[in-house]
Amino acid sequence: PVYHPAGAIQQGKAAHEDNDFVRVSVGIVGTCEEVEKSYVRQTRQPDPSTIRPERVLRKSLDSVMQRSSAGERYDSVMDSLMAICQDLKLQQIENTFTVSVRELMATFALRERCRGKSGREEIDISTFSDAILHLGTLYNKNPQQERELEFAVYRFIFWLGIALGNFGDSQLNKSACALARHKDHLAVRHAFSIHEAVTTGDFYSYFRLVRNTPKQAQEQRHIHETMIFPHMRTIAFNAVLKSFKMLLPIPLLRRSMGFASDEEACDYLKSNGAVLVDAVPVNGCSLDVDKSKAAVAGMAATK
């Protein structure tokens, strides 16, 4: 599927409201004993015989996690999680179990890769934005959850990535205000340092910070890799071409631009018009800055 941040977020909001379509009576309790169930949008008053009670939903969640660990496709796993969320919503269950389900959905969405409008791979923006919308409400009703601050950091970094596309500044500001109460926490200080590096274009500090992400918020790397890395690497590459004239060894650029290997760095540089010398072996490869400037300028002129 193809996703665009603004459109995907609107899809997430629509999904957030989807189960509010049907008004249910307080106290409805499902009687369905089927552990496995697919998601079907509710368009009529619910029948308790088709809704699973929390006891069965806990078994269903265990099954989903086992299937995911065994390598089941993301779409199938997410379908089951959506069905669990629907049954919870119809019974107005908003407890710590519901929190854990939404946190799992958000985590899976971070780890998934979808084809974005730009052609790059992105996280599942629609599902992630839907999950964090629900989590905001659930955390208010279930305070002091173990992972609440962790997901507040993910929300902040997510909106930082969205804001790079000139969309979501207000949400970024709201997320920042929510984190400000915990400004002494390591993961929060790290997130604010990330924000400063991105907004000032300090690519060297940014990639250093990403390499040293606190263990309490490791899943944010998926947001960086898909939403922020491309922007910061463009800044880094342009800065290199502007500031240097000599040959620059790829291992130096790899670290400064956040690549996992020299090969990955070479592929990126060549795809952006860079001229590399002594390309074999790769460990001896260097960027010819002068020739790269001319090559990049030529590419720009033909566009």
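Analyst: Angles under 35 degrees count as roughly parallel, over 145 as roughly antiparallel, 65 to 115 as roughly perpendicular and the rest as oblique. This is a predicted model, where local features need pLDDT of at least 70, side-chain atom pairs count only at pLDDT 80 or more, and totals for chains, interfaces and linings use all residues. Residues are numbered from 1 along each chain as its sequence is written, and side-chain values use heavy atoms, without hydrogens and water.

User: How are helix 6 and helix 8 oriented to each other?
Analyst: Helices (DSSP H or I runs of at least four residues) and strands (E, at least two) are numbered from the N terminus. The axes of helix 6 (residues 148-163) and helix 8 (residues 186-200) come within 10 Å and cross at roughly 5°; axes are lines fitted to C-alpha atoms, for helices over the stretch in contact, with angles from 0 to 180 degrees between N-to-C directions. Helix 6 and helix 8 are therefore roughly parallel.

User: Where does helix 10 bend?
Analyst: Helix 10 (residues 221-243) spans only 29 Å between its end C-alpha atoms, while a straight helix of 23 residues would span 33 Å at 1.5 Å a residue (1.5 Å times one less than the number of residues). Pro230 follows the bend within four residues.

User: In strand 6, which residue is the bridge partner of Val277?
Analyst: Strand 5 and strand 6 (residues 286-288) run antiparallel, joined by 2 bridges. The partner of Val277 is Ser286.

Note on methods: The bend at a residue is the angle between axes fitted to the seven residues ending there and the seven starting there. Two strands pair if DSSP finds at least two bridges between them.
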